[in-house]
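Dear colleague,

Please find below the structure that I am handing over to you, with its sequence. My notes on it follow directly after.

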Amino acid sequence: MSFTPHAVARDSPAWSPLEIPHSSDEPFADYTRWRLKVSDGGRHVWHFLKTDEEVAAWPQNTVDKYWLGLPTGLPTLPKAKTPYEAARNGYEFYQHLQSEDGHWSGEYGGPMFLLPGVVIGSYISNMSFTLEERLEMIRYLMNKANEDGGWGLHIEGPSSMFGTGMNYVAIRLLGMDAEHPVAVKARARMHELGGATGVPAWGKFWFSLLGVYDWAGNNPVPPELWLLPDWLPIHPHRWWIHVRQVFLPMSYLYGVRFVMPENDMVLALREELYPENYYKIHWPSQRNHICSVDLYSSHSKLYDMLAEVLCLYENCSLPPLRKRAVDWAYQLIKWEDENTSYQDLAPVNKMFNLVARFHGEGIECEAWRMHELRRRDFMWMGPQGMMVCGTNGSQLWDTGFIIQALVETGLATEDKQYRPSLLKALDWLDKSQMQDNPKHFEKAYRHRTKGAFGFSTKEQGYTVSDCTGEGIKAVMYLQNHLDFTPKPVSESRIQDAIDTILSLQNSDGGFASYELIRAGSWMEMLNPAEVFGNIMVEYNYPECTTSAITPLAIFRKHYPNYRSADIDLAIKNAVKYLHAAQTPEGGWIGNWGICFTYAAFFATESLALVGETYSTSQYSRKACEFLIGKQRADGGWGESYQSCERNEWVEHKDTQVVQSCWAIMALMYAKYPHAEPIERGVKMVMDRQLPDGSWAQEAIEGVFNKSCAISYPNFKFSFTIWMLGKVGRYLEELKSSNFSTNGNGKGQ
């Protein structure tokens, strides 16, 4: 089954109204007909089989069934009596979720502004969805609506104007009638929040492209900024990559003031989105009107002042200069598409790029066709319907962690039955390493990629510091720690990865995410996106720093003659950064996972690399005491995503298995000398293991930009297996030592 890209008119049956049931409890499209196709190094595309012949020829496998929420048919396993047995049971289940090419697939959903962007961008650009995709996207939105009828920034967030307005438009474009009870309730909540005039900046922009919001209600996004000298501290190439790659197509589209032609749906939405008369709204007054519920980062006075200046400029901009700026922005958009095989960095900039290419070249071109094909890489089927993921997946990230877990626990060598799984994973990792720099390297303001691993696939083509670290660490574990594996990744390619990691260390010893820090944090005063924090520039992160230096330490053991002095200095400076980043209470603030437990898992491993543990280091000791102080009566840990928003520990209403594993592993890295708290945590994790060896999905695990939570459902396998597989030996060593086991902090 394959898709043949072809354009469809917005008034065609492909976008016609649909009869939608009032209840979303049952699938709108037969779940036994969905199949996940994996190809091209890890691409994920869900297909719906329409005929019985197709179903017979392509049976559902365990991966399909698990992610759709269907019974997997996997057997009940003997109940684990020890942590190691529980780890083995966990992998007995999880091995069945490995894709045939060797990686572990999975959803990467959570943010609620991604699906609307894909829907609106597709609608504008004359792209359609299959009927089954439309139905299941509608069902997903119905299932993720809050009790008050609205949607939040992410699936666990309170209703906001951004979430409610964007998803209301999406559900209407997909075919829901305005008088459907879900639409009526959502519209009422939207009007309670003040209507779409108060939607944040990204929402204003999408609505302007669609023609349901006036361009005069936007703060300027001038493409001329790309013409500034590169050495200027405000040049966009110095911004964090997820901001500049979104700003890039936005600046093009703003520069040409693109608006989709009016149709009946646009006219209807103008009536539905606003409690007041659309045609009497004073749009310039709405530029800084943001619903209070959405405000996480208010505009600075400097930003508002610059926006006013730019508004004056827009009234007298020079056509030749504007044309030159628009043309240069369009060239950069084309390079981004080509560098990533039209995956682009993420779905937000991808869909803006699509609209820009649609405006620039129409539908009869390679760009439109490739964007249509790659768009489905972001669309994921789950038990509650079809969502849009934060990238084209988390393939490398999930594969790297489970490989390390299997090797460190001994499961990789305990039983030969796991060898095929490990060999497949090594083959996939070999094919996933980037071996060249981007086609348009310096011109497109990209960091080097030679030797790097990305978050998802090689095709997506972006270096990520921690993914390169975890990826090459997994390779070295497989090739250097096991005696039955080949060595497809040569020493020179491993050196390339080490070179890339070393190239990413900042002057204070820390590591950021995609690139070096290119501008100071003062740039946050120019943050235009009211719903996110810390987005304008790169920052150092405890998690990325640890993921970068642990493979350096492993590499140093196996290859002591390559850049040993540079590696020693990098590790030394990274530890200094981690010392400085520790909070007075003893924790580290997590930026990619929730939150203090996640960061502690990484930071304590870094400290242990240089011999800093509970008995030798005040930093390690404070970290342990901080974690022990947060342990719950049931033995586990649980913190809310609001910890990331507030930079302080916020308890979750429920204990979380994944966070408990992070905390216990942090205690083990720190060589915490008291067994009893660890034993209680282990018991909680084991008690929650299901009879087939799996664990149930609990609260959302990840976060980005302080305020938006995102899902990592494979974490409940990799980190449980990892912790349980190691903790038995750790507890045995404690009990054979002279340390107290009661956790009162006093040795015997």
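I begin with a single side chain: that of Gln 98 comes to 2.8 Å from the backbone oxygen of Gly 102. This is a polar contact, meaning a pair of N or O atoms within 3.5 Å; within protein, one must be able to donate a hydrogen and the other to accept it, and residues adjacent in sequence count only if both atoms are side-chain atoms.

Please note that the model is predicted: local features need pLDDT of at least 70 and side-chain atom pairs count only at pLDDT 80 or more, while totals for chains, interfaces and linings use all residues. Residues are numbered from 1 along each chain as its sequence is written, and side-chain values use heavy atoms, with hydrogens and water left out.

Gln 98 sits in the loop that runs between helix H3 (83-94) and helix H4 (114-124). Helices (H or I, at least four residues) and strands (E, at least two) are DSSP runs, numbered from the N terminus. Gln 98 counts as buried because its relative accessibility is 8%; buried means under 20% relative accessible area, exposed over 50%, and partly exposed in between (1.4 Å probe, protein chains only). Leaving aside residues up to four places away in sequence, Gln 98 touches Val 63, Tyr 91, His 103, Trp 104, Ser 421, Lys 424 and Ala 425, where contact means heavy atoms within 4.5 Å.

In the model, residues 95-364 are 50% helix and 0% strand, with their end C-alpha atoms 44 Å apart. Residues 394-726 are 50% helix and 5% strand, and their end C-alpha atoms are 25 Å apart.

Other buried positions

Trp 588 belongs to the loop between helix H21 (564-581) and helix H22 (596-609). Its relative accessible area is 0%, so Trp 588 is buried. A polar atom of the Trp 588 side chain lies 2.9 Å from the backbone oxygen of Leu 578. The two residues are ten places apart along the chain, and their C-alpha atoms are separated by 8.4 Å.

Leu 734, in helix H27 (residues 715-736), counts as buried because its relative accessibility is 8%.

Helix H14 (residues 366-375) is mostly covered, with seven of its ten residues buried. The buried residues of H14 are Ala 367, Trp 368, Met 370, His 371, Glu 372, Arg 374 and Arg 375. Their cover includes strand E2 (43-48), H4, H12, helix H13 (347-361) and E3.

Pocket and cavities

On a 1 Å grid over the protein atoms alone, a cavity is a set of points where a 1.4 Å probe fits but cannot get out; a pocket is an open set with protein on both sides within 12 Å along at least five of seven lines, and lining residues have an atom within 4 Å of a point. Grid points are joined across faces, edges and corners, and a volume is the space filled by probe spheres set on the points.

The second largest pocket holds about 530 Å³ of space. Of its 32 lining residues, Glu 107, Pro 383, Gln 697, Pro 713 and Lys 716 are the closest to its centre. Helix H2 (62-68), helix H5 (131-144) and strand E3 (379-382) each supply at least two lining residues, and E3 has the largest share, with three. By class, this lining has 16 nonpolar, nine polar and seven charged residues. Here Ala, Val, Leu, Ile, Met, Phe, Trp, Tyr, Cys and Pro count as nonpolar, Asp, Glu, Lys and Arg as charged, and the others, Gly among them, as polar.

Nine cavities of 30 Å³ or more are found in the whole structure. The largest has about 90 Å³ of space, and its lining residues include Trp 662, Gln 697 and Lys 716. Helix H25 (residues 657-669) gives the most to that lining, with four residues. The second largest cavity has a volume of about 80 Å³. Among the residues that line the second largest cavity are Trp 226, Trp 335, Arg 446 and Tyr 462, and H12 gives the most, with four residues.

With kind regards
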